[in-house]
Amino acid sequence: MSNPSLSSNKSCTSPHPERFWVDYVMEADSLAHARKLARELCLEQTVELPGQVDAVKQVEEYTVGTVESIKELSRGTYRVTAGFPNDTAGGELTQFLNVVFGNTSLKKGVSVAMVTLSHHLTDDTTMFPGPKFGIQGLRDLVGVPQAPLLCTALKPMGKSAREFADMAYALARGGMDIIKDDHGLANQVWAPFEERVRLCAQAVQRANAETNKKCLYAPCLNSPAGKILQRARYAKEVGAGAVMVLPGIVGWDVVRELAADPSFRLPILVHPAMLGGWLHTDDDGTGDIDPAGGGNGVHHHPRGLSHEFLFGVLPRLCGGDAVIFPNSSGRFQFSRAECEAVADACRRPMGRFEPVFPSPAGGMKLDRVDDMRRTFGEDLLLLIGGSLLEQGPDLEFDAKLFAHCAGRDKPYAALGDDTIGAVAPFPEKLPARDARPSIRDVERTALAVRRRVLQYTLKNNGGYLSQACSSAETLATLYLRALNLGPSIVSGVPGPFRGSPGPGIPTITGEGHNGDFNDPHLDRLIFSPVHYALVLYSLLVELGRLDIAAFRSYNKDGSTVELIGAEHSPGHAVTAGSLAQALSQAAGIAHARNLKGHTGRVVVYMSDGEFQEGQTWEAIAAAVFHRIGNLVAVVDVNGQQCDGKMPDDTKAGNLAQKISSFGAIVREVDGHNVAAIEAAVNGTSHGRDTSLPTVVLCYTDPCHGLPLLKKHPKLHYVRFKDDNEKKVWAEVLAQMTIGMEDDHHYQGTPELVIEEEKKAEVLTEEGAVPPKRRMDMMELSGPAKKKASVGMDEPEAAVTACDCRGTEMVSMPHRRQLVQWARLHPQAIVLTADLTSSCEADLLRDELPSQYMSLGMAEQNMMSFAGGLAREGYHPYIHTFAVFVTRRPFDQVAMSIAVPNLPVRLLGFLPGLTTPGGVTHQAIDDVALMRAIPNMRILEVGDATEVESVLDVAESIDGPVYVRMWRGQVPRLFPKTSPMQFGVPRLLSDGSDVALVTSGICTEEALKATTKMGVSIRHVHLSTLVPFPADTIVKAARKTKYGIIVMENHNIIGGIGSAAAEVLAGHGVGRKLMRLGIPGVYAHGASCSYLMQEYGFDASALVSAVEALVGRSVSLSSASSHFNDVTKNVLSAEEPPEDL
């Protein structure tokens, strides 16, 4: 019984009564126990008496179910197939369902996976009428031969019947195929059933006559038993084109009765209300039953009906023509795999039972349409209700937007490459916005911004003046008309710089000047070209979001109103000074908002120069692939960069064509035309056009409004050569004020005279702070200074007996542990960069797809994307090779993750020389790089126990963590009861001659020698590299006679050997230090054991180092050479070349 689909040619082991079959999943202690439980189930579902009762024996042959087969799915879980005589159902659906699962549904530990009918029952059209229309019949009714059908709902409860009719009329005119009642509409006083159905049916018929379309109206039959069939017939009489039934409330037999009635013949929509209680569940919530017996995700306590039977097969048997069920990533907790199983059960061949439309719903939005089409195909009933009504009051226009997203604005357009990356036309109109400033107000604000920037440039003989010329209209339009930003939630006078986020220093963001960025309904503006900061600050002053006194602290020592804005600067959300990182972070934030169900967009303002950076293209590609339709990039295309006009061989060229080729929607506008900018940005708001991200290219003039600038050879930062030129520009400033003297719409209209430069000052909410006081305040506000000496109070584990002889080898411990751990930590999201299997994240990808993302070979983008996710409360766990975590995206790790002190966990596999991939894959400098980054903590695993516990340690750390990981076959050196502890070294042996410090694979290598040498060794294993355990190292050095050896899988420059040298020197400990590791050179491609020997940090090299330190030969055990063959082979083992 491995095939869950309906079959009509099943054979029966009993020669007597014909039977139907039910597949159950049940818990049992053993196969024998499963047989016993299965026999009890067969009795319970039929005669409900023990089998030894005489009365049962007399009727058993033709009444009692028989156990056909038992298959073990996983330990403690079995799939049981039971056959029941047809006659036990009595020719009625209600009794049939009773036999399938009646009393047994009350028990824990058993669920129904699938039902298979006998020949006779398959042919019984009264008991199982099946769909009267199905997919093809519904298509014929609405006149849509291909492409998804469109459905929406009339809501909310409380509207009058006439209001619902008006809604139905507009939606039908807009192109809906089916308009159904919301499932909560019954016979309430404000919209009685008969009045509502009559008026809505008439409204849809009128719209059909006007548009020559064939929309169907489907009233909800949520009625008492004595009235439901009567109301169904009334609906047909007054012109309803379909009906919707709630079988979880009114019963499945209502669906059957309507479908079996030859005089009724209306399509039936099946709604899932109350059916959630019928589903199989798990008390622990740890997984999902696989009815076919594959995979590892089996519940501990199976119960209820499988998704594919309840929402796929059963509705088809009863006569439903379309089945509504909760889609994944909506308001309900169905997985993608469950939804795909339902859709398959709705459409796969089932003999005479027509395929029916699956309708994944529940909180769906227009930006999910493309994803649903790709997931479920074109034979799909797209149901979007509430979010469609949220688009605006013009429901006809909203319905047209729905049709556009579904490829229906062109006749029956299929989803193909020609619809991806198209430069879409603007919608016919925009939703009304109340109390927006006029276009003239926006233009005058832009002029005021230019005035203020010019004034600053004159006062300081330098400023970003051309940026004000090119961007003022665009930025003013975003703030005043295009975006839904709330009022500022922070003081207009930001405090002084208090230090970067870290221990004792909270995260400070300037985004609060743009509104409440935690409000799920508001848009968020991410500012990328931070050298435009002067323009942004000027605009914030004009809008009353920043005090004029704060503006005067621009570029002053200690001020957060910085020359190059950072995330603590007013109006800034992220640190983006390196350019090309804000788009990736915005994509991560936007994706996180989608996961949370937020409706607000994420809009990132960029410069065209950022398209010279590869990360920009990586971000676009990722946003397109993951359908991040709430992401909008607005680009200032002014053709300028720091060195002047962009040269022909490096300029972006035809940006629209290039970006379109990546799949994003592109709109090109005049960046000084307020109406055009607004139309371009809002043409895709909240998924109006597509689930794809949108890029708005604003072509601008860097001298707009100030044509005199054209005489300057370089426009990036404008300086005036002499006083005469300043006077000319002062006249320009005066001319800009003519006609604007009374235009004080916004706070802080700039002064019209050039004031003397004020002395440097820092502002707090209480006022200005003079320079001397500022320094005192800055010292007091930072973390307290630590004493120069370090006490001997760091925790250190007790001596652990540890030997490599007979070591247990564990196969891929991280692969299994990651899945188990992630189930308990839903905030964790695993990110990979084309190395999913190579980094042992493939099992998680398969079993927990909602906690997995692949971002392709784009590590720089991945780091900033992870930073964006972390800003929204998720904990990204990046999986890639160590070299791709550290060296390639170093700047992104620092700026996007470490500076804001975000909880991103960077798991670097194949550290040091554990890869044969050669210099490009060998992370020999990763520790040096990462320990130089403030806020970064570094862990390294040394055995399977530490691999299995490192996730808990990383999760416990507040801030970013880098982990040097071990994959494949990993030895277990430490007991399972002794997991890794943050900041706690392991003392593996206590001795007085030599101190030995090791980490990672070097610990096992060292044990091959230390257990055989006749020298007293104090061996310390480190799993926490940063913060470095200074007390432990000083203590070890002072307690030993000859000195200290550090052995590491890393360049001896910058690793833990360097850290030990720093500590010993700082504490004045006069002990000799020997560092074993990669001696400051690049290695080549070879096995790990060979390279360790080649570069002098294997067990043999350790013996030589000890001998050199103590000045004599050391005795070795007679067990021979220094190596354990098993562990040596493990270190030599490498993955196949294709892994690289």
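Mentor: Cys 200 has 0% relative accessibility and therefore counts as buried (under 20% relative accessible area; over 50% is exposed and in between is partly exposed, with a 1.4 Å probe and protein chains only). Cys 703 is in no disulfide, and the nearest cysteine sulfur, that of Cys 469, lies 6.3 Å away; a disulfide needs two cysteine sulfur atoms within 2.5 Å. Cys 703 also counts as buried, because its relative accessibility is 6%. Across the whole structure, the search finds 0 disulfides.

The model is predicted, so local features need pLDDT of at least 70 and side-chain atom pairs pLDDT 80 or more, while totals for chains, interfaces and linings use all residues. Residues are numbered from 1 along each chain as its sequence is written, and side-chain values use heavy atoms, without hydrogens and water.

Now the sheet. It is open, with 5 strands in the order β2-β3-β1-β4-β10 and mixed pairing. Strands are DSSP runs of E, at least two residues, and helices runs of H or I, at least four, numbered from the N terminus; two strands pair if DSSP finds at least two bridges between them. At the edges stand β2 (66–74) and β10 (303–305); each has a single partner strand, so one side of each lacks a neighbour in the sheet. On average, neighbouring strands are turned by 20° against each other, direction ignored.

The partner of β10 is β4 (residues 110–116): the two run parallel and are joined by 3 bridges. In one of these, Val 112 has Leu 305 of β10 as its bridge partner.

Helix α1 (residues 31–44) lies across β1 (19–27), β2, β3 (77–85) and β4, and runs at about 140° to β2. Axes are lines fitted to C-alpha atoms, for helices over the stretch in contact, with angles from 0 to 180 degrees between N-to-C directions; contact means heavy atoms within 4.5 Å.
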